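The following note sets out points for a colleague who is examining this model. Please read each point with the coordinates open.

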Amino acid sequence: MIEPANYYPWSAQVLAVNQTGGKKRLCVNHSVAINRFTYRDAYPLPRIYEIVSKIAQDAFSFSIDLNSVYHQVPRIPEERPMTAFEADGKLFQYCRLPFGVANGTFTVTSMILTVTDRCY
């Protein structure tokens, strides 16, 4: 999911937070790095009542496993340095879409809608 990176001037800060059960979770703060310079996608998110109305007319249903959905989306090599972060004195970058980047929600939503629209 991550790989070593070379120097990158917009590397994000990392914070380890405690989770229930004593585990730690790595949180990368992209808001002070690349998110400040990212143009936002204008992808329209669907209204929930439109989705429910569409589903209610169907004779079948399906489910999608969205566990770690952001990490299922690969990043092209040219975009990976933009997700750089420093941890333990070393620089890393994401090979997959990290949670917290500016257009991540729109990317994931458009992919899900593309898949589900093919089912109708």
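Rings of Phe, Tyr and Trp, the last taken by its six-membered ring, pair if their centres lie within 6.5 Å. Planes under 30 degrees apart count as stacked, over 60 as edge-to-face and the rest as tilted. The model discussed here is predicted.

1. Aromatic pairs. The structure contains three aromatic pairs. In one of them, the ring centres of Tyr70 and Phe99 are 5.0 Å apart with the planes at 75°, so this pair is edge-to-face. Tyr70 belongs to the loop between α1 and β4, and Phe99 to the loop between β5 and α2 (104-118); the pair therefore links distant parts of the chain, 29 residues apart. Tyr70 is buried at 14% relative accessible area, whereas Phe99 is exposed at 55%.

2. Phe85 and Tyr94 have ring centres 5.3 Å apart and planes at 40°, so the pair is classed as tilted. Both partners are buried: Phe85 has a relative accessible area of 1%, and Tyr94 has one of 9%. Ring pairs also bring in Phe92, which forms a cluster with Phe85 and Tyr94.

3. Salt bridge between Arg80 and Glu3. Two salt bridges are present in the structure. One of them joins the side chains of Arg80 and Glu3, with an N to O distance of 3.5 Å. Because Arg80 lies in the loop between α1 (48-56) and β4 (85-87) while Glu3 lies in strand β1 (residues 2-4), the pair ties together parts that are 77 residues apart in sequence. Arg80 is buried, at 18% relative accessible area, and Glu3 is partly exposed, at 22%.

4. Salt bridge between Glu79 and Arg75. Here the side chains meet at 3.3 Å, N to O. Glu79 is partly exposed, with a relative accessible area of 31%; Arg75 is buried, with a value of 16%. Side chains of opposite charge can pair when their charged atoms come close.

5. Backbone of Ser68. Phi of Ser68 is positive, at about 55°, although the residue is not a glycine. Ser68 is located in the loop between α1 and β4. Its relative accessible area of 40% makes Ser68 partly exposed.

6. Backbone of Asp88. Which residue in the loop between β4 and β5 (90-94) deserves a check? Asp88 lies there, and its phi is near 55°, a positive value in a residue other than glycine. Asp88 is exposed, with a relative accessible area of 75%.

Definitions and conventions: Residues numbered from 1 in each chain as written. Predicted model: local features only at pLDDT ≥ 70, side-chain atom pairs only at ≥ 80, totals over all residues. Heavy atoms only, no water. Salt bridge = Lys/Arg side-chain N within 4 Å of Asp/Glu carboxyl O. Helix = DSSP H or I, 4+ residues; strand = E, 2+ residues; numbered from the N terminus. Buried < 20%, exposed > 50% of the residue type's maximum accessible area, 1.4 Å probe, protein only.
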